[in-house]
Amino acid sequence: MSGRPHPPQSIGALAWQLSNRWKAAVERAVAPLGLSHGDHVVLAALLDARRRRHIPCQREVAEAVGLSAIFASKLLRGLEREGLVDRVPDAADSRAMRLGLSAEGLRVAEAARAAVKPLERQLAAPLGTPGGAKARSLAETLRALMAGLER
């Protein structure tokens with residue numbers, strides 16, 4: 001009998017391990033830019049919104065990346081302090097702020113995306129082509145699992 005523990009078989013344990021390892025790999029990729037994984041995710045969401053010509057509010061950013069409003073706020077405040085995110089008053093709601101990338105934020109977000117994109121292709125390589133059947137099936141399964149947690 002081997003002295004090594006058996007690998008976890010539960011979906012939860014495997015999801016936890018995958019999440020931690022994926023996050024650590026992304027952290028290593030974006031660390032040279034001074035970003036954490038969470039920073040990268042928020043900047044990527046703002047970059048996507050910019051490309052759609054949308055200026056989101058904080059709630060929209062939090063929902064887009066699956067973060068609590070409190071954690072999204074913490075990340076956004078830090079990114080604002082770093083000069084990467086701009087907040088502008090919402091013309092339709094005086095209580096709300098709209099969020100966008102500063103010029104430096106745009107540069108950093110694009111550099112982070114360039115660093116992470118090949119990493120994600122490498123990490124997902126066991127699934128075959130990015131838009132292939134295995135990748136689509138896994139994405140559908142993960143969405144179903146997340147939907148089950150939202151009930």
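**Close-up views of a predicted model**

**View 1. Phe71 is partly exposed, its relative accessible area being 36%.** In this predicted model, the residue belongs to helix H4, which spans residues 69–81. The value of 36% falls between the limits of 20% and 50%, and Phe71 is therefore classed as neither buried nor exposed. Between Phe71 and Ile55 the separation is 16 residues in sequence and 20 Å in space, taken from C-alpha to C-alpha.

**View 2. The largest nonpolar core comprises 22 residues.** Within this core, the residues with the most contacts are Leu35, Leu43 and Leu46. Two or more residues are given to the core by each of helix H1 (11–30), helix H2 (37–51), H4, strand S2 (97–101) and helix H5 (103–123). The most is contributed by H5, with 6 residues. In soluble globular proteins, nonpolar side chains tend to be buried together.

**View 3. Leu46 touches residues beyond its sequence neighbours.** When residues up to four places away in sequence are not counted, Leu46 is in contact with Pro56, Val61, Leu76, Val85, Leu99 and Leu101. Leu46 is also one of the residues with the most contacts inside the largest nonpolar core.

**View 4. A nonpolar patch lies on the surface.** The patch is formed by Ile11, Leu138, Leu142, Leu145 and Met146, which together have about 470 Å² of accessible area. Helix H6 (residues 133–149) supplies the largest share of the patch, 4 residues.

**View 5. Ile11, a member of the nonpolar patch, is located in helix H1.** Its relative accessibility is 62%, and Ile11 therefore counts as exposed, the cut-off being over 50%.

Definitions and conventions:
Residues numbered from 1 in each chain as written. Predicted model: local features only at pLDDT ≥ 70, side-chain atom pairs only at ≥ 80, totals over all residues. Heavy atoms only, no water. Buried < 20%, exposed > 50% of the residue type's maximum accessible area, 1.4 Å probe, protein only. Core = buried A, V, L, I, M, F, W, Y, C linked by side-chain atoms within 4.5 Å. Contact = heavy atoms within 4.5 Å. Patch = residues over 30% accessible without salt bridge, like charges linked within 9 Å, V, L, I, M, F, W, Y side chains within 5 Å. Areas by Shrake-Rupley, 256 points an atom, 1.4 Å probe, with all protein chains shown as cover. Salt bridge = Lys/Arg side-chain N within 4 Å of Asp/Glu carboxyl O.
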